[in-house]
Amino acid sequence: MIRIAAVGDIHFDRKSHNRLRQHFHGLAEKADLFLLAGDLTQTGHPEEVQILADDLIDCPIPVVAVLGNHDYHLDQVEQMHQILKKAGVMVLEKNTIIMNINEQRVGIAGIKGFGGGFVGACGSDFGEPEMKAFMRHSKNEAQELENMIKTMDCDYKIVLLHYSPTTQTLIGERKEIYPFLGSYYLSEAIDHGKVDIVFHGHAHSGIEKGVTPGGVPVRNVAQPVIRHAFNIYTLEKNDHRHLDFNDSTV
Ligand SMILES: [Fe+2]
Ligand SMILES: [Fe+2]
């Protein structure tokens, strides 16, 4: 059994001191791992990142994160990585990590993802260079994700994204902006691997629960959606390696 605390879109700014830390008391008894699904800061400014790092350094369980579009805003991603690394946060950027939790190998493939849209309402790799660049970035992120999932040899396969792989967790968002909220290429990558669960954020007005076309559970853990410091998800595989899981709120 593994217990995952997860949240996205915490959007730390210069006034966010202690916003997460105050919820860490007793966390080690409730969860094994803390996942952050991007938009960790408002603009990616080093001051915002440092305030977040000062909170996360006190987290009693391992912290694994991906970045979101807000974190890229000031083009200081490299510095952000360094500040978070110093605080012990594992930031995944097109890479995987395998952790040993309760004698189970837990693999996490982390990537930001991108927009692009969903079947029947998506962009295409055609026309102006700007449009081609947009859709190629979308496809490349999904291809990288698929490659990462394939390389993971573990008991639990978790995908951590910022953008959504499905429209199911976007319900409540305006349909006109779906192409900026996620991409179906991501769900294709997920469904080609044997993924157990996907976490994402970015869709502040969406809903928490969805599933990919291939049946993989998806959870939109954007903080405005879950309305708590984080949620805790318990994953347990039975003798037939079938996954049971429960969601709870902290
Ligand atoms: Fe956000
Ligand atoms: Fe976002």
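Student: Where is the place of Arg174, and why does Arg174 count as exposed?

Tutor: Arg174 has its place in the loop between strand 9 (156-160) and helix 5, helices (H or I, at least four residues) and strands (E, at least two) being DSSP runs numbered from the N terminus. This is a predicted model, in which local features need pLDDT of at least 70 and side-chain atom pairs count only at pLDDT 80 or more, while totals for chains, interfaces and linings use all residues. Residues are numbered from 1 along each chain as its sequence is written, and chains are lettered from A and ligands numbered from 1 in the order in which they are written. A residue is exposed if 12 or fewer other C-beta atoms, placed from the backbone, lie within 10 Å of its own, buried if 20 or more do, and partly exposed in between; Arg174 has 9 such neighbours, so it counts as exposed.

Student: What makes His70 buried or exposed?

Tutor: His70, in the loop between strand 3 and helix 3, has 20 C-beta neighbours inside 10 Å and therefore counts as buried. Leaving aside neighbours within four places in sequence, His70 is in contact (C-beta atoms, placed from the backbone, within 7 Å) with His11, Asp39, Thr41, Gln42, Thr43 and Gly44.

Student: How do you know that the buried residues of helix 3 line one face of the helix?

Tutor: The buried residues of helix 3 (residues 77-86) are Met80, Ile83 and Leu84. Seen down the helix axis, they fall within an arc of 95 degrees (taken from the directions from the axis to the C-beta atoms), so they line one face. These buried residues pack against helix 2 (46-56), strand 3 (63-66) and strand 4 (90-91), whereas the face turned away from the buried side carries the exposed residues Glu78, Lys85 and Lys86.

Student: Why is helix 4 called roughly parallel to helix 5?

Tutor: The axes of helix 4 (residues 129-151) and helix 5 (residues 184-192), lines fitted to C-alpha atoms over the stretch in contact, with angles from 0 to 180 degrees between N-to-C directions, come within 8 Å and cross at roughly 15 degrees. Angles under 35 degrees count as roughly parallel, over 145 as roughly antiparallel, 65 to 115 as roughly perpendicular and the rest as oblique, so helix 4 is roughly parallel to helix 5.

Student: Which residues make the contact?

Tutor: Helix 4 contributes Ser138, Lys139, Ala142, Leu145, Glu146 and Ile149, and helix 5 contributes Tyr185, Leu186, Glu188, Ala189 and His192.

Technical notes:
Two residues are in contact if their C-beta atoms, placed from the backbone, lie within 7 Å.
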